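Visitor: I would like to learn how to read salt bridges in a model. Could you take me through them, starting from the general idea?

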Amino acid sequence: MNTSEVAELERELLQNEDLDEDDNEEKLTAQDVLEIIEKAWLNEKFSPEILPHKTEYVDCMLEQIKYMESNISFLQSTDIQVDIYKFELERIRYIITSYLRCRLRKIELYAFYVLEQETTRNSEDRYLSDSELKFAVEYIQNLDIHFDSILKKMPWNLQTLEDPNKRIKPNMDSYVFLRANKSVSNVIIKDVFENREEEVELLENSQHLLPYSSVVMYIKDKSVQLL
Amino acid sequence: MDPSEIEFIAEKSNIEIIPKFNLDGVIHLISGDIGPFRAGLPLIVPLWLALNLRQRNKCRILTPDWMDVDKLEEKKEEEKNSKFFTKMPHEHYLEVTQLLLKVANDDINRADEIRTLIKDLWDMRISKLRSSVNTFVNSGGIHASLDHLTQLEINSIRPLLPDALNMLQSLNQDSDSETEDGDSTQNTTRNRNTTDSFLSSSFHSSS
């Protein structure tokens, strides 16, 4: 990633912060939002690449938690309800932090690849949230500074590190477990061994082991759920 | 994924309890409303709450319908006679059983028999799973159907099966590219040799 691309990303980042986010507000209950986050959490855990962010849901849930906490503070601390509410909030917070950590781990691991992919997407269908994007950009800058400071001490012919050497890519063909939320026909599996293709049909609620690349679009449109 | 996280997910499933306290009104949890609690009247709550209340001795947990010696005996027989995996009475049968027996052993009828039966079921299924994984990998298949396997069972083969398949995949790709472009491999070895010799010579000169 060269500096002009980084600058471009940073500029877009600033623009995004100005945009209002209320365009995709549907009538969802807190329970629905929680379910969406739980599914996103599992998908993120098991997919090799980073998936589109769910910031609007995560933010909504964090708001909800804050609201609940302020309500709890009005109750007497001896009230059994307080423990029940707090217990649930802890569980939800665990899911959210685990989800976000999982994404950060992937960003760090595939930093160059992730940012390169992000530059090809326009601002509406970004995979990273604004703060994740900022994190990724800064991470790469720091990594570059770090590499530069070390490479200076190397023999002259080893002082440059080619970009591809720093780039780790997720294995998009790696195998994943999944369950079909609805029937999906004509899923194409490429057989890299023999250079042929196989077609399968996923019936509703059936479970499968498939290469990630065969089902990537079905994960994004929620027809299948990773397990 | 850590098995404790699957236990965490299993704790979301519902269970019937008999509370030992009164609480007017409904509790509006984010994951849904529960209540009201009336001492002696059964109601359905998430497992995590049931276990928590039970630990504080504020409720009694009712044995779930499927956690029944006769039914499990039947299930075990069915699993034994079937070549394929049969549908389990609960998506998290092992986790729920273990949690209940740990926290509310006294509330479960014939707890020890249940424990043995569930363990037998699990062992039977896992050994079936291992042998089918072996057949699958040897057959060189690229797609496997895993109906009726529970999340914990799938997780038990996670470190092994997908990794093994990925490894096979990359080994096959490597052997392909080696036969196709043997020239380029030679080139890289030659390059490496020159760097090595350069390095050694520069070391000599500096010392």
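Visitor: Which side chains meet in a salt bridge with B:Asp24?

Guide: A salt bridge is counted when a side-chain nitrogen of Lys or Arg lies within 4 Å of a carboxyl oxygen of Asp or Glu. Here B:Asp24 pairs with B:Arg38, at 2.8 Å from N to O. This pair links distant parts of the chain, 14 residues apart: B:Asp24 sits in the loop between β1 (14–19) and β2 (27–29) of chain B, and B:Arg38 in the loop between β3 (32–34) and β4 (43–46) of chain B. Strands (E, at least two residues) and helices (H or I, at least four) are DSSP runs, numbered from the N terminus.

Visitor: What should I keep in mind about the source?

Guide: This is a predicted model, where local features need pLDDT of at least 70 and side-chain atom pairs count only at pLDDT 80 or more, while totals for chains, interfaces and linings use all residues. Residues are numbered from 1 along each chain, chains are lettered from A, and side-chain values use heavy atoms, without hydrogens and water.

Visitor: Is B:Asp24 buried or exposed?

Guide: Buried means under 20% relative accessible area, exposed over 50%, and partly exposed in between (1.4 Å probe, protein chains only). B:Asp24 counts as exposed because its relative accessibility is 58%, and B:Arg38, at 36%, is partly exposed.

Visitor: And where is A:Arg103 linked to other residues?

Guide: A:Arg103 belongs to a network of salt bridges with A:Glu44, A:Lys106 and A:Glu132. A:Arg103 and A:Glu132 meet at 2.7 Å, N to O, and both are buried.
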